[in-house]
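Thanks for coming. I will go through one structure, a few residues and contacts at a time, so please keep the model open while I talk.

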Amino acid sequence: KAVLSNQAEIFIRELSVKLFNNSKRLESIENTVRSLLYKYGEYDDKETVLEEHNIIKTPTYVMVKGKGVLHCGEIIDLSKLKGDIGLSTETLKDLSLVELNGANVITIENLTNFHKYQSNEELVIYLGGFHNAIKRDFIKLVAKCNPGTVFKHFGDIDAGGFYILEHLKKKTGINFIPYNMDVATLKKNKDHWIKLTENDKNRLYSISEKTNCYKKTIDFMLENICKLEQESEI
């Protein structure tokens with residue numbers, strides 16, 4: 001109950017003290033808690049269940065690069081930076097405005113592809129596989145400050161990637177457009193296909209029952225028994 005109702009970011013040992021008056025007790029039952037929530041809830045990965053509820057072991061940073069002007073006490077123009085920048089939870093508390101000046105937004109699931117992806121006309125946001133409330137609140141602020149902006153998401157072409165995208169859309173209320181998560185991308189990278197497991201197939205069927213957004217791609221994956229990781233894309 002404490003995990004499911006948690007809203008503010010908190011370290012796992014802090015929560016453990018609150019619940020058990022013992023800083024290590026929660027860690028001792030952590031695997032069981034993750035397994036139960038993953039089995040009966042809707043999560044992409046068992047390893048990030050607690051993080052999705054803002055229960056963390058290390059501070060959350062939102063990594064961004066590309067185009068955009070951030071107003072957080074100081075003014076940070078991302079286009080003037082050579083690389084990316086990590087915004088801590090404390091910095092984000094002071095963030096009042098994000099100016100895109102006509103740029104679009106793309107969220108990227110994988111760290112390697114976040115670093116590889118180059119664009120001077122987009123705000124590029126690293127999701128780190130999962131997205132907790134801190135990252136979603138940042139995305140929603142960007143949308144609020146920039147009406148009409150196009151939001152895209154670049155993830156793995158597998159059940160997990162589609163789940164993350166659907167979860168992102170549901171939790172932010174933003175209609176993210178999939179980027180490089182289609183049949184054409186699969187065909188282009190055929191040499192790097194990974195064979196679907198039975199669990200993969202079941203999860204893809206489950207996603208298809210909930211939405212038709214990815215039907216053509218999922219049908220192709222099931223027919224060819226394949227999936228593709230972001231790192232493998234040309």
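I start with Ile177, which is placed in strand 11, residues 177-178. This is a predicted model, in which local features need pLDDT of at least 70, side-chain atom pairs count only at pLDDT 80 or more, and totals for chains, interfaces and linings use all residues. Residues are numbered from 1 along each chain as its sequence is written, and side-chain values use heavy atoms, with hydrogens and water left out.

When I say helix or strand, I mean DSSP runs numbered from the N terminus: helices are H or I with at least four residues, strands are E with at least two.

The cut-offs are under 20% relative accessible area for buried, over 50% for exposed, and partly exposed in between, with a 1.4 Å probe and protein chains only.

Apart from neighbours within four places in sequence, Ile177 is in contact with Val150, Phe151, Lys152 and His153. Contact here means heavy atoms within 4.5 Å. Glu233 is 56 residues from Ile177 along the chain, and their C-alpha atoms are separated by 18 Å.

**Two more residues in context**

Next, Arg34, in helix 4, residues 30-40. Its relative accessibility is 4%, so Arg34 counts as buried. Which residues does Arg34 contact, leaving aside neighbours within four places in sequence? They are Lys46, Glu47, Thr48, Val49, Leu50 and Glu51.

Ser96 is in the loop between helix 6 (89-93) and strand 7 (97-99). With a relative accessible area of 52%, Ser96 is exposed. Not counting residues up to four places away in sequence, Ser96 touches His71, Leu141 and Cys145. The C-alpha atoms of Ser96 and Ser28 are 39 Å apart, for a separation of 68 residues along the chain.

**Helix 8 against helix 9**

Two packed helices are described by the angle between their axes and the distance between the axes. Helix 8 (residues 133-145) packs against helix 9 (residues 159-172) at an angle of about 65°, and the axes are 10 Å apart. Axes are lines fitted to C-alpha atoms, for helices over the stretch in contact, and angles run from 0 to 180 degrees between N-to-C directions.

The crossing of these two helices is right-handed. That term applies if the near helix is turned clockwise from the far one by less than a right angle; if anticlockwise, the crossing is left-handed.

On the helix 8 side we have Arg136, Ile139 and Lys140, which meet His167, Leu168, Lys171 and Thr172 of helix 9. Sorted by class, this contact of helix 8 with helix 9 has two nonpolar, two polar and three charged residues. Ala, Val, Leu, Ile, Met, Phe, Trp, Tyr, Cys and Pro count as nonpolar, Asp, Glu, Lys and Arg as charged, and the others, Gly among them, as polar.

**Aromatic rings**

Rings of Phe, Tyr and Trp (its six-membered ring) pair if their centres lie within 6.5 Å; planes under 30 degrees apart count as stacked, over 60 as edge-to-face, and the rest as tilted. How many aromatic pairs does this rule give? The count is six.

Take Phe162 and Tyr214: the ring centres are 4.7 Å apart and the planes are at 25°, so this pair is stacked. It links distant parts of the chain, with Phe162 in helix 9 and Tyr214, 52 residues apart from it, in the loop between helix 11 (198-210) and helix 12 (215-224). Phe162 and Tyr214 are both buried.

Trp193 and Phe220 pair edge-to-face, at 5.9 Å centre to centre and 80° between the planes. Trp193 is partly exposed at 22% relative accessible area, while Phe220 is buried at 15%. There is also an aromatic cluster, formed by Tyr117, Phe154 and Tyr179.

Two charges sit over rings, meaning that NZ of Lys or CZ of Arg is within 6 Å of the ring centre and within 35 degrees of the ring normal. The charged end of Arg25 is over the ring of Phe20, 5.8 Å from its centre. Lys65 lies over the face of Phe114, 5.0 Å from the ring centre.

**Backbone**

Last, phi. Asn54 is not a glycine, yet its phi is positive, near 65°. Asn54 is buried, at 3% relative accessible area.
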